[in-house]
Amino acid sequence: MKTIKINSLEGDIITDSLGIRITNVNPNLPLNEEAINDLKTAINKYHLIFLKSPEPIALENQVALTKQLGEPWVYDYIPGQYKDYPEVFKVTNQKGNGFVNAGQAWHSDGSIYNRPMHLSVFSIGEIPKDGASTYFSSLHNALERLPKNLAEKLNNTEALFGKMYKPHAVIWEHPITSKKVLHINEGFSDGFRDKVTEKLFSQKENEELYEFFNMHLWEENTYYEHKWNFGDLVIADNYALAHYAKPTHSNTLRVLHRTATKGIKRQKPS
Ligand SMILES: [Fe+2]
């Protein structure tokens, strides 16, 4: 494993296309300004950051860290959520404990919005007996791996998100790095259209494209499976990554805590 240093941070690179594991920061302890700035640098370069605490992540510490990284997303209360922590989106596999079985398709959080989420911060609250996993895939890498003729077609393609939200370009620029990404959101999008003519894709074309994207992101050795342990804290850059929650049986409880920072308004690609 390749070891790296980003000013005050030390870490290991997980794969060539995504992710580092920071080895000298405890996310349950307050981080000073230098560490936060270095963390932001690491996020912009590697997009997926793993931190580890010897103790389970306390919600107040996760919320505090999220606020240091950006403006936090705040959720309306639903039964099962934490009244004292409206910044925490509680995902579960059992009814009454929060949002049930969210994220079981490749997606980036908040991607339906014109101002999507930038960073999602995750920790595990309950691990079912068979374990819990989240998969991550680089959308820069997904674009680079596309056949050239399909990349050209998708350059002029928009994804649709129902009547309430604006269509978004399927290929767009990461707002910070300016690198282009394939913005796949199988879990949210309900079809595609030509960007110029606004002609809708047929149902068959939509299905074929979703099927292709699904296979594309599940291509061997391109994604990373994180198997959750208590004390893990994961920061994911939604501009650059898709993730997928591995389904679990509801006979033992799974609870994932997600906080998020607000992103900037989506720009159309040049
Ligand atoms: Fe998600």
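1. Let me start with Ile49, which is in contact with Ile20, Ile22, Leu39, Ala42, Ile43 and Ile235, leaving aside neighbours within four places in sequence. Two residues are in contact here if their C-beta atoms, placed from the backbone, lie within 7 Å. Please keep in mind that this is a predicted model, in which local features need pLDDT of at least 70, side-chain atom pairs count only at pLDDT 80 or more, and totals for chains, interfaces and linings use all residues. Residues are numbered from 1 along each chain as its sequence is written.

2. Ile49 also belongs to the largest nonpolar core, which has 56 residues; Ile49, Leu139, Ile184 and Leu241 touch the most other members. Strand β7 gives the most to this core, with 5 residues. A nonpolar core is a set of buried Ala, Val, Leu, Ile, Met, Phe, Trp, Tyr and Cys residues joined through C-beta atoms within 7 Å. Buried means that 20 or more other C-beta atoms lie within 10 Å of a residue's own, exposed means 12 or fewer, and partly exposed is in between, with C-beta atoms placed from the backbone. In soluble globular proteins, nonpolar side chains tend to be buried together.

3. Helices and strands are DSSP runs numbered from the N terminus (H or I, at least four residues, for helices; E, at least two, for strands). Two strands pair if DSSP finds at least two bridges between them. Strand β5 (residues 89–92) and β6 run parallel and are joined by 2 bridges, with Thr92 opposite Val100 in β6.

4. Helix α1 (residues 33–46) passes a simple length check: at 1.5 Å a residue, its 14 residues should span 20 Å, and its end C-alpha atoms are 20 Å apart, which agrees. The expected span is 1.5 Å times one less than the number of residues. Leu39, Ala42, Ile43 and Tyr46 are buried in α1. These residues cover an arc of only 100° around the axis, which puts them on the same side of α1. The arc is that of the directions from the helix axis to the C-beta atoms. On the face turned away from the buried side, α1 carries the exposed residues Glu33 and Glu34.

5. What do the buried residues of α1 pack against? They pack against β1 (3–6), β2 (9–13), β3 (20–22), β4 (48–52), β7 (117–126) and β15 (232–237). His47 follows α1, and its phi is positive, near 70°.

6. Helix α2 (residues 59–69) has Gln62, Val63, Leu65 and Thr66 as its buried residues. Seen down the axis of α2, they fall within an arc of 165°, so they line one face of the helix. Those residues pack against β7, β15 and β17 (255–262).

7. Phe136 has Tyr224 as its bridge partner in β14 and His243 as its bridge partner in β16. Tyr135 stands opposite Tyr244 in β16.

8. Most residues other than glycine have a negative phi. Asn7, in the loop between β1 and β2, has a positive phi of about 50° although it is not a glycine. Asn7 is exposed, with 12 other C-beta atoms within 10 Å. Glu198, in the loop between β13 (191–194) and α5 (203–217), has a positive phi near 65°. Glu198 counts as exposed, with 9 C-beta neighbours inside 10 Å.
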